[in-house]
Amino acid sequence: MTERMTTTYSMWNLFRNCRKAAQWRYVLELVPLEKDRHLSFGSLIHECLEVWHRTRDLASALDVIDRTCAKRAHEEEQRRVWHLATAMMRGYAARYATEEFEVVALEKDFEGEIVNPETGAASRSFTLAGKVDGIVRVGDEHFLLEHKTAAGVDAGYLERLWTDFQITVYAYYVEKALGIRIAGVLYNILVKARLQQGAGETPEEFEARRA
């Protein structure tokens with residue numbers, strides 16, 4: 001029996017939209033030389049939130065931003081990202097100094113069978129793997145914790161969350177892999193600050209104006 005290929009939701013989602021793009025990315029492993037800056041920013045905030053929820057130490061979370069934007073003194077894009085991410089994490093830590101949930105796991109990997117719903121047979125070619133941002137407990141119930149960054153949140157954005165098939169798949173596989181019943185999802189949405197750093201403005205002046 002040949003070794004089965006480990007797949008992800010992202011792969012199947014891309015395959016559904018464009019089979020050739022899925023082949024380039026996941027079979028031929030062709031990727032852009034530079035990551036999309038919006039995806040990079042989201043990844044940075046995810047890493048900061050993982051550190052924050054693991055340690056509850058703002059300095060450690062901000063250190064992630066400092067290390068990621070080490071060239072901010074000379075590169076305008078890094079300086080822009082540093083200011084935006086720092087403002088968002090400072091605001092988040094102030095607003096959610098305490099939480100109503102208990103963290104069970106962060107950045108938790110899972111892997112499971114892809115099963116034919118009609119026959120109950122597992123795929124002989126593929127398995128499905130992924131990673132959830134977090135698993136938390138509220139009382140006696142467990143929830144998935146899903147981090148998102150957004151330019152803005154309106155009724156349309158919130159309505160689309162109910163059709164988020166990826167998180168439904170993740171909940172199913174977490175239940176199967178870990179034996180934990182998932183009661184729902186806590187969406188942790190961080191809206192990007194609209195306040196911009198002025199030309200020639202120092203970080204201290206920016207923080208003072210923001211306050």
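Author: The questions below concern this predicted model and take a surface patch, a hairpin and a histidine in turn.

Reader: Is Trp-24 buried, partly exposed or exposed?

Author: Trp-24 belongs to helix α2, which covers residues 19-27. Its relative accessible area is 46%. Buried requires under 20% and exposed requires over 50%, so Trp-24, with 46%, is partly exposed.

Reader: What is the accessible area of the nonpolar surface patch that includes Trp-24?

Author: Trp-24 forms this patch on the surface with Val-27, Leu-28 and Leu-30. Together, the four residues have an accessible area of about 430 Å².

Reader: Which residue in β3 is the bridge partner of Gly-112?

Author: Strand β2 spans residues 102-115 and strand β3 spans residues 122-138. They pair in the antiparallel sense over eleven bridges. In β3, the residue bridged to Gly-112 is Leu-128.

Reader: Which residue in the turn between β2 and β3 has a positive phi?

Author: The two strands form a hairpin, with six residues between them. In that turn, a positive phi of about 80° is found at Gly-120.

Reader: Is His-142 buried or exposed?

Author: His-142 is part of strand β4, residues 141-150. Beyond its neighbours within four places in sequence, its contacts include Val-104, Ile-135 and Ile-180. The relative accessible area of His-142 is 16%. Because buried means under 20%, His-142 is buried.

Reader: With which side chain does the side chain of His-142 make a polar contact?

Author: Arg-137 is among the residues in contact with His-142. At 3.4 Å, the polar contact joins the side chain of His-142 to that of Arg-137.

Notes:
Residues are numbered from 1 along each chain as its sequence is written. This is a predicted model: local features need pLDDT of at least 70, side-chain atom pairs count only at pLDDT 80 or more; totals for chains, interfaces and linings use all residues. Side-chain values use heavy atoms; hydrogens and water are left out. Patches are made of residues with over 30% relative accessible area and no salt bridge: like charges are joined within 9 Å, nonpolar side chains (Val, Leu, Ile, Met, Phe, Trp, Tyr) within 5 Å. Accessible areas come from the Shrake-Rupley method with a 1.4 Å probe; for residues, only the protein chains shown count as cover. A salt bridge is a side-chain nitrogen of Lys or Arg within 4 Å of a carboxyl oxygen of Asp or Glu. Helices (H or I, at least four residues) and strands (E, at least two) are DSSP runs, numbered from the N terminus. Buried means under 20% relative accessible area, exposed over 50%, partly exposed in between (1.4 Å probe, protein chains only). Two strands pair if DSSP finds at least two bridges between them. A polar contact is a pair of N or O atoms within 3.5 Å; within protein, one must be able to donate a hydrogen and the other to accept it, and residues adjacent in sequence count only if both atoms are side-chain atoms. Contact means heavy atoms within 4.5 Å.
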